[in-house]
Amino acid sequence: MTKRIKLIGSAIGNCGRLNGCESSPYQISNSLANTEGILLDSDVVAYSGGSHDVLAQREFFIKVAHHAECAISKGAFPIFIGGDHSCAIGSWSGVAYNLQKQDKELALIWIDAHMDAHRPDTSDTGNLHGMPVAHLLGHGHKELTSILTAMPKLKPENIVYFGIRSFEKPEEDFLQSLGVKIYYQHMLNNETFEAEFLAEFKRLAQLSSGNVGISLDLDGLDPTEIAAVGTPVDDGIGSGVFFDAMSKININDLIAFEIAEYNPSLDRDHRSMQYMLQLLKLLVYRIRYDAE
Ligand SMILES: [Mn+2]
C-alpha cells in the first residue's frame with residue numbers, strides 16, 4: 001500500500017513584506033493537478049486577520065496545526081504549502097505535538113536566506129514571517145509559542161540551517177546563545193552543499209529516530225533561478241543542487257515537507273512555479289513508491 005499524502009495549505013500573506021503569498025497554496029495545488037496530473041487530498045486554511053493581530057494568528061495556526069497533527073496521526077505525509085513563512089508556526093507545531101505525545105522529537109532542516117529568528121522585541125517591522133523559528137523554539141508571543149501545547153516545539157540542537165546570508169545581529173546572537181547549527185551560504189557552494197546536507201539529514205534522522213522535517217523558504221535558493229520571492233537575496237543554493245539532494249535523502253526519515261514564501265504575482269516567467277512542481281512531483285513519487 002502506498003503512503004497517503006495530505007497537502008495542507010496556509011493561505012496567509014500579510015505577515016510578510018509583500019502581500020501575494022496567500023494565494024500560493026491554491027495555485028500550487030491546482031497546477032500540480034493540471035500540469036503534472038497529481039491530485040492530492042488538500043485542505044487550505046485561509047487567514048483573515050490583521051498583520052499584527054496575535055489572537056487571530058493564534059486561531060489560524062491552531063487550525064493548521066490540527067490539520068497537521070491529524071494527518072500524521074492517520075499515517076499520512078503532510079506537504080505544507082505557505083503562505084509567508086509565519087505558516088511554519090502552525091505546521092511544525094502540529095507535527096511536533098503529535099511526536100511529543102509519543103515521547104518523540106522533531107528535527108528540522110530550515111532552508112532560507114534569512115534566520116527567521118527575531119523575537120517581537122528585536123524586530124523593527126514586527127512582521128511575523130521573520131520570527132517563526134524563535135516561536136518554535138519557545139520564544140516570542142505566548143499566544144504563538146503555545147499552539148496545541150505550551151511545550152517548545154523544537155530543541156535548539158534539533159534544527160539546522162542552510163542558505164543563510166541575510167540576518168540581523170540579535171537573531172544571530174540569539175541562535176548562537178542556544179547553540180543552533182548554521183551553515184551560512186558562504187561556507188558551502190554548489191559543489192559542497194549536497195554532501196553536507198545529506199550528512200546533516202542523516203545525523204538528524206538518527207537523533208530524532210527518523211522524524212526529520214524540511215522547511216524550504218524559496219528565497220534560500222538562487223534568486224537568478226527562483227525569482228518569485230518577496231525578499232530576494234543575492235547568491236543562494238542552486239535550485240538543481242537542492243533538487244538533486246532531495247532525490248537522495250532517505251525518504252523514510254522525512255516526516256513532512258514545507259514550501260513557503262512563493263509569491264505568484266512575482267513569477268513572471270513561471271520558472272519558480274515550474275521548479276516547485278518538479279520538486280513536489282519528485283517528493284510525491286518518492287513518498288508513494290520509494291518509502292518502505
Ligand atoms: Mn523564511
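Q57 is located in helix α2, which covers residues 54-73; helices (H or I, at least four residues) and strands (E, at least two) are DSSP runs, numbered from the N terminus. The structure is a predicted model, in which local features need pLDDT of at least 70 and side-chain atom pairs count only at pLDDT 80 or more, while totals for chains, interfaces and linings use all residues. Residues are numbered from 1 along each chain as its sequence is written, and side-chain values use heavy atoms, with hydrogens and water left out.

With a relative accessibility of 1%, Q57 counts as buried, a class defined as under 20% relative accessible area, against over 50% for exposed and in between for partly exposed (1.4 Å probe, protein chains only). Not counting residues up to four places away in sequence, Q57 touches C15, Y47, G50, S51, H52, L128 and L144, where contact means heavy atoms within 4.5 Å. A distance of 17 Å separates the C-alpha atom of Q57 from that of I8, and the two residues are 49 residues apart along the chain.

The manganese ion has as its protein donors H85 (ND1), D112 (OD), D116 (OD) and D217 (OD), which lie 2.1 to 2.3 Å from the ion. Donors are N, O and S atoms within 2.8 Å of the metal (3.2 Å for Na, K and Ca); water is not among the atoms, so sites may look incomplete. Along the sequence, the donor residues follow the spacing H-x26-D-x3-D-x100-D. H85 belongs to the loop between β3 (77-82) and α3 (87-101), and D112 to the loop between β4 (107-111) and α4 (132-136), so this pair ties together parts that are 27 residues apart in sequence. H85 is buried, with 0% relative accessibility, and D112 is likewise buried, with a relative accessible area of 0%.

The loop between β3 and α3 also contains G83. A cis peptide bond, with omega about 10°, joins G82 and G83. Helix α3 has 15 residues, which at 1.5 Å a residue should span 21 Å; the C-alpha atoms at its ends are 22 Å apart, in agreement with this value. The expected span of a helix is taken as 1.5 Å times one less than its number of residues. Twelve of the 15 residues of α3 are buried, so that the helix is mostly covered; among them are C87, W92 and N98. After α3 comes D103, with a positive phi near 60°.

Two further residues have a positive phi. For L148, a residue other than glycine, phi is near 70°. L148 lies in the loop between α5 (142-145) and β5 (159-164) and is partly exposed at 24% relative accessibility. For S209, also a residue other than glycine, phi is near 55°. S209 is placed in the loop between α7 and β7 (212-217) and is exposed at 61% relative accessibility. Most residues other than glycine have a negative phi, and most peptide bonds are trans.

Ten aromatic pairs are present in the structure. Rings of Phe, Tyr and Trp (its six-membered ring) pair if their centres lie within 6.5 Å; planes under 30 degrees apart count as stacked, over 60 as edge-to-face and the rest as tilted. F193 and F197 form a stacked pair, with 5.2 Å centre to centre and 20° between the planes. Both residues lie in helix α7 (residues 193-207), four residues apart, or about one turn of the helix, and both F193 and F197 are buried. The rings of Y285 and Y289 form a tilted pair, since their centres are 5.8 Å apart and their planes lie at 55°. Y285 and Y289 are separated by about one helical turn, being four residues apart in helix α9 (residues 271-290). Y285 is partly exposed, with a relative accessible area of 43%, whereas Y289 is exposed, with a relative accessible area of 55%. One aromatic cluster is formed by F162, Y183, F193, F197 and F242.

A disulfide is defined as a pair of cysteine sulfur atoms within 2.5 Å, and by this rule the count is zero. The cysteine sulfur closest to that of C15 belongs to C87 and is 10 Å away, too far for a bond. C21 is also in no disulfide, the nearest cysteine sulfur being that of C87 at 8.8 Å. C15 is buried, with a relative accessible area of 0%, and C21 is buried, with a relative accessible area of 2%.
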